[in-house]
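Me: I have a structure open and want to go through it with you. Can we start with how contacts are counted?

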Amino acid sequence: MVDIRRAAPADAVGICELHRSSIRRLCSASYSPEQIASWTEALQPDRYLPAMERFEFFVAEAGGVVGFCIVDPNGGELNALYVHPGFSGQGFGSALLEYAERVAIAHSVARLRVKSTVNAVTFYESHGFRQVRRALHVNPAGLELECVEMVKDLPRGSRAADAEMESQSD
Ligand SMILES: CC(C)(COP(=O)(O)OP(=O)(O)OC[C@H]1O[C@@H](n2cnc3c(N)ncnc32)[C@H](O)[C@@H]1OP(=O)(O)O)[C@@H](O)C(=O)NCCC(=O)NCCS
């Protein structure tokens, strides 16, 4: 059972370091050294704070933060999912993704979208996502990164079911 909790501002520095390491080690086969350098340089700890306020932002812990994910329930989008390279392949990514899906279901998201890095497409496919199209993701620094838009239809959550029951009883 992976320990997952809501991210707090005190986590921002650790999340930023993890994010940079994850990109450098786990995305380097799919992006150029220049892209990796520009992508990681744009990451700064204070950039995570607005996301903690606006979105559902969670971390996985194993003696420290080993992964994080960000869900935008209003946009129906998984904005980020990163695992520290020293902890990849141990189930943390899957646990965070399943948690993100449960959060989205609780917010009545019917279809969860993600702009997947090229290297993570197989990971998302193994979790029920399907490819929609190749696209460009523009990061806050204006860097264009090739990605793959993917979607997964989620089971209807209790809020959706409740809303339907209410509308039927009108
Ligand atoms: C993609 C990522 C989150 C997966 O996290 P993880 O903790 O390594 O994944 P898990 O250990 O839960 O792996 C689950 C399964 O997916 C497989 N898998 C993991 N990463 C994979 C990858 N990049 N490509 C293909 N399969 C992958 C594992 O082998 C495992 O398969 P199994 O269940 O048959 O053994 C992690 O590799 C990562 O942080 N990558 C870099 C950041 C990134 O690209 N994130 C996506 C942003 S949209």
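Reply: Two residues are in contact if their C-beta atoms, placed from the backbone, lie within 7 Å. Keep in mind that this is a predicted model.

Me: OK, take V59. Which residues is V59 in contact with, leaving aside neighbours within four places in sequence?
Reply: V59 is in contact with R5, A7, D11, I15, V65, G67 and F68.

Me: Where does V59 lie, and is it buried or exposed?
Reply: V59 lies in strand β2. It has 21 other C-beta atoms within 10 Å, and 20 or more count as buried, so V59 is buried.

Me: How many residues apart along the chain are V59 and I15?
Reply: They are 44 residues apart along the chain, with 8.4 Å between their C-alpha atoms.

Me: I15 is in α1, then. Which residues of α1 are buried?
Reply: I15, L18, H19, S22 and I23 are buried in α1. They cover an arc of only 130° around the axis, so they sit on the same side of α1.

Me: And what do the buried residues of α1 pack against?
Reply: Their partners are α2 (33-41), α3 (48-54), β2, β3 and β4.

Me: What span should α1 have, at 1.5 Å a residue?
Reply: Its 15 residues should span 21 Å, and the end C-alpha atoms are 20 Å apart, which agrees.

Me: Switching to α4. What about its span?
Reply: Helix α4 covers residues 92-106, 15 residues that should span 21 Å at 1.5 Å a residue. The end C-alpha atoms of α4 are 21 Å apart, which agrees.

Me: Which residues of α4 are buried?
Reply: F92, G93, L96, L97, A100, V103 and A104 are buried in α4. Their arc around the axis is only 130°, which puts them on the same side of α4.

Me: How many residues are in the largest nonpolar core?
Reply: The core has 32 residues, and F68, C69, V71, L78, L81, L96 and A100 have the most contacts inside it. Elements that each supply at least two residues are α1, β2, β3, β4, α4, β5 and β7 (144-153). The most comes from α4, with 6 residues.

Me: C69 is on that list. What does C69 touch?
Reply: Not counting residues up to four places away in sequence, C69 touches F58, L78, A80, L81, L96 and A100.

Me: Now the ligand. Which residues come nearest?
Reply: There are 21 residues around the ligand, and L26, S88, G93, S94 and T122 come nearest. In the shell, α1 (12-26), β4, α4, β5 and α5 each supply at least two residues.

Me: How does the shell divide into nonpolar, polar and charged?
Reply: It has 9 nonpolar residues, 12 polar and no charged.

Me: Last topic, S108. Where is S108 found?
Reply: S108 is in the loop between α4 and β5. With 17 other C-beta atoms within 10 Å, S108 is partly exposed.

Me: What is its phi?
Reply: S108 has a positive phi of about 65°, although it is not a glycine. Most residues other than glycine have a negative phi.

Me: How far apart are S108 and N74?
Reply: They are 9.5 Å apart in space, C-alpha to C-alpha, and 34 residues apart in sequence.

How values were computed. Residues numbered from 1 in each chain as written. Predicted model: local features only at pLDDT ≥ 70, side-chain atom pairs only at ≥ 80, totals over all residues. Helix = DSSP H or I, 4+ residues; strand = E, 2+ residues; numbered from the N terminus. Expected span 1.5 Å × (residues − 1). Buried ≥ 20, exposed ≤ 12 C-beta atoms within 10 Å, placed from the backbone. Arc of directions from axis to C-beta. Near = placed C-beta within 6 Å. Nonpolar A, V, L, I, M, F, W, Y, C, P; charged D, E, K, R; others polar. Core = buried A, V, L, I, M, F, W, Y, C linked by C-beta atoms within 7 Å.
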